[in-house]
Amino acid sequence: MHNFWFSLKMEIFALLSILTIVIVFSWSVATSELRSDSKVDYQIAVNMSKPIHSLNHFWRSTGFCPPSPHDKAAVYLQSEDVRRNIALIGAIPHSAIQQVRIHWLLDLIQVREHHQAGVPVFNFTYLDDLIDLLWRNDLRPGFELMGNPGNIFTDFTDRGQLYAFKNLVTLLAKRYIGIYGDEYVSTWNFESWNEPDHHDFDKLNFTMQGFLNYYDACSEGLKLASPNLRLGGPAASCRLTAFSKICWALLDHCDNGTNYFTGEHGVRLDFISFHHKGDGKSLYILETEQETMNQIKNLHKKFDKTPIYNEWVSFLVILVTEFLSQIINYNVSVVTAFFSEGDPLKGWSLPEWWRADATYAAMIVKIISQHQNLLLAKKSNSINYQLLSNDNAFLNYHPFYFSQRTLLARFQMNNTSPPHVQFISKPAYSVMALLAFLGDLQVKADVLGADGEPVHNNSRLGVMASEYMPKTVTGHGSWELSVLIYNSADTNRTSEEESTINITITGLTLPTKADLRWVQYEVSNLRSNPSALWESFGKPVYPTPQQFHRLRCQEGPYRWAKPQPFITNDTSVSFLWTLPLPGVLLLHVCAKPDLRPSQVTKLAASNVTWNAVQLVWSDCCVRSTCIRTYEVYMSAQGREYSRVNIADTIFTSYVYAPVPGVQRFNGARRGHLEVVQGWYKVRAVDYWERKGPFSLPILYR
C-alpha cells in the first residue's frame with residue numbers, strides 16, 4: 001500500500017509539472033513584471049550583453065581507490081563491477097567527466113622475471129587493460145606514480161633502485177605513447193605519491209631524502225619519454241608543517257633543492273596538488289584553501305614574481321584535481337597550480353543521509369559555482385585552474401547502497417546464478433550531466449532577495465549563466481544559452497521547502513531569424529529520487545526486476561517537457577519558477593543548427609544478467625548539445641527494428657531489461673531464450689525532432 005501511494009504521488013507531481021510549465025511560460029514571456037499576488041522568494045537577473053569571464057569546465061574529473069591489499073588491486077580493477085562503473089562514468093554526455101584518478105596503478109604491473117644482469121622484466125597486461133577501458137569510454141587516467149610492482153623496490157636512497165625506477169617510469173610512458181600517441185598521453189596528469197604524510201608506502205621504506213629522490217626519478221623518467229608529459233605533487237593536505245612534513249619538503253625541494261639526476265637547482269613542478277575537504281559546508285573548502293595558499297606564499301616568496309601562463313602555453317599548466325585551487329607565480333621553468341580534493345566531507349565510505357539524494361547533488365553545483373564566481377570571475381583574480389575532481393567514483397558496499405560518496409548505487413545480486421551487479425544512478429550523477437550543458441563564456445547573473453537586495457555569496461540560492469557560440473562553421477553547432485540554478489542549504493536537513501524565483505533574462509542579441517527551442521531539467525528529491533523509492537520498497541538487498549525498472553524510471557534528471565519554442569520579447573524574457581530545496585534547475589536554449597546531429601559511434605553491449613543487456617555509445621561525433629534523446633533500436637534478426645527505450649535519455653547508455661507486463665518485449669518469448677539477444681543501433685534526435693544517422697549495428701548474443 002505504501003508503494004502504491006508513493007507511485008501515485010510521483011505521477012501526480014509529473015502531471016502538475018507539465019501543466020505548470022505550460023501555464024507559467026505562457027504568462028511569463030509577455031512581461032517582465034510580476035503579478036501583485038505572486039509571492040517571490042528570490043530574483044535572478046541574467047544579462048547576456050555582459051560577459052564576465054571564460055567558463056572552463058574545470059570540474060570534469062572523478063576518482064577512487066582500490067581496496068586493500070594494494071598488491072591485489074588488479075583483481076578489483078579487472079572486475080565486472082569496475083568495468084561497468086567506468087563505462088557509466090564515460091556515458092555522462094558531452095564529456096562531462098574526462099579524467100578518473102585512481103590510486104595504486106603501478107601495482108597493476110607484474111614482475112615476471114629478472115635477467116641475469118638483475119634487470120626486472122615487467123608485465124603490463126593488467127595496466128594495459130585498464131588504460132584501454134578508460135580510452136574506449138572517452139576517459140583518461142589521473143596517473144599517480146604510486147605503487148611497488150612485485151615489491152621489488154625497498155630503498156630510494158639506493159642508486160641502483162632509483163635508476164631502475166626511473167627506467168620503469170620511462171618504459172611505462174613510452175609504452176602508452178606508442179599505443180595511443182603523444183597527443184593522448186600528454187593530456188594525462190602524472191602525479192607523485194598520494195598523501196605521502198600518511199606513510200602508506202606499499203612496503204617501501206621511504207626516508208625524506210628517498211621521497212625527494214623518488215620525485216626526481218618520476219620527473220626525469222617522464223622527460224625521457226616525452227618533453228610534453230607533465231608531473232605535479234605533492235598530492236597532500238599540506239596542513240601544519242608538524243604533520244605535513246613531506247608535503248612542505250617537496251615544495252621546498254622543487255623550489256630550492258638539487259635534482260638527483262641532473263644536479264640542476266630546482267626540479268620541475270607542473271602543478272601543485274593539495275587536498276582540502278569540507279566539514280559538510282560548501283564555503284569551508286574555499287576558506288581553508290586560501291589559508292594554505294597564503295602559507296605557500298609566505299614560505300616561497302619568489303613564487304609571486306613570475307607570470308602565470310594560461311592553459312598549455314609551453315606546457316605550463318594549472319590544474320585542480322579534487323576540488324579547488326589557487327595559483328601563485330613561480331619561476332620560469334615551473335607553473336604552479338593547485339589540485340585539491342574538495343569533497344564536502346572526508347571519508348568516502350562514511351554513510352551520510354545527504355549523499356543519497358539531491359542534497360549532495362546541489363552541493364556539488366554550489367561549490368563549483370562559488371569557485372567560479374568568487375575566484376575565477378573576479379577581475380583581480382590571478383588564479384587559472386582547469387581541472388577539478390570529486391573523489392566519488394567509488395563502489396558502495398552493503399548495506400549502504402545510496403549513502404556513501406558515489407555516483408552510482410551498486411546492488412550485488414548474489415541471489416542469482418551466476419551472481420551479477422545492477423547499477424542505479426544517483427542525483428550526483430545527474431547533475432554532472434547538467435553541468436556539461438554550460439557554455440564556455442560566463443555572463444552576468446545576479447541573485448537578489450525578495451526585497452531586491454543582493455544575497456550574500458553563501459546564500460542557499462545561486463546561479464551560473466553562460467553563452468556558447470560555435471568557433472568553427474561546421475553546420476552542427478549553434479548559439480546556446482544555459483542558466484544553472486541551485487537551491488542548497490548544504491548538509492542541513494530541510495522540510496522540503498520550495499523557492500519561487502522570478503527569472504529575468506535581458507540583453508538577448510539572437511541570430512537573425514533564429515528558430516529557438518528550450519528545455520528545462522531538474523534534479524530534486526521530488527522528481528528524481530531513486531533512494532526514496534528504494535526505501536519505500538522496504539530497502540530490499542535484492543530488488544526484483546520490476547523494482548529495478550521503477551528505480552530506473554526515477555533516475556534523473558527530470559525533464560519538465562519536450563523542447564518547446566522559446567519566445568522572447570525582442571531582447572528580454574521573464575518568468576516565474578519554483579525550485580525545491582534541495583534542487584538544481586537547468587534552463588537550456590538553443591538556436592537551430594544548420595545540420596542534423598551526426599552519427600553515434602562506438603556502440604558496445606555487455607551482459608548484465610539473464611535477459612538484461614547494458615548498451616553504451618559515444619557522443620563525441622554527434623557535435624551538438626541540443627539533443628532531446630538517443631533512440632535505441634533492436635531487432636531479433638537484424639531486419640525489422642523497433643525502438644526499445646521508450647523514455648527519452650540524454651545519457652549515452654541504456655540498460656535493456658524488459659519486464660513482463662511493464663515494458664514491451666521486442667519479440668516473443670521462446671522457452672527460456674533471452675529476448676534481448678539480437679541487433680542494436682542508436683541515433684540522436686535533436687530539439688527540432690531531426691534524427692541523425694544510426695550507428696553501425698552490433699550483434700549481442
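Colleague: Ground rules before we start?

Modeller: This is a predicted model, where local features need pLDDT of at least 70, side-chain atom pairs count only at pLDDT 80 or more, and totals for chains, interfaces and linings use all residues. Residues are numbered from 1 along each chain as its sequence is written, and side-chain values use heavy atoms, with hydrogens and water left out.

Colleague: How many aromatic pairs does a search of the whole structure find?

Modeller: It finds 50. Rings of Phe, Tyr and Trp (its six-membered ring) pair if their centres lie within 6.5 Å; planes under 30 degrees apart count as stacked, over 60 as edge-to-face, the rest as tilted.

Colleague: Why is the pair Phe122 and Phe124 called edge-to-face?

Modeller: Their planes are at 65 degrees, so the pair is edge-to-face; the ring centres are 6.5 Å apart.

Colleague: Are those two, Phe122 and Phe124, buried or exposed?

Modeller: Phe122 is buried, at 13% relative accessible area. Phe124 is buried too, at 4%. Buried means under 20% relative accessible area, exposed over 50%, partly exposed in between (1.4 Å probe, protein chains only).

Colleague: And what about Tyr687 and Trp688?

Modeller: That aromatic pair is tilted, with 6.0 Å centre to centre and 35 degrees between the planes. Both Tyr687 and Trp688 are buried.

Colleague: Which residue lies over the face of Trp353?

Modeller: Arg493, at 4.1 Å from the ring centre. Likewise, Lys681 lies over the face of Phe694, at 4.2 Å. The test is NZ of Lys or CZ of Arg within 6 Å of the ring centre and within 35 degrees of the ring normal.

Colleague: Switching topic. How many residues of β24 are buried?

Modeller: 7 of its 7, over residues 612-618. Strands here are DSSP runs (E, at least two residues), numbered from the N terminus. Both faces of β24 are covered: Val613, Leu615 and Trp617 are on one side, with Ala612, Gln614, Val616 and Ser618 on the other.

Colleague: Which strands pair with it?

Modeller: Strand β23 (residues 601-609) runs antiparallel to β24, joined by 6 bridges. Pairing takes at least two DSSP bridges between two strands. Strand β27 (residues 653-656) also pairs with β24 in the antiparallel sense, over 4 bridges. Val613 stands opposite Tyr656 in β27.
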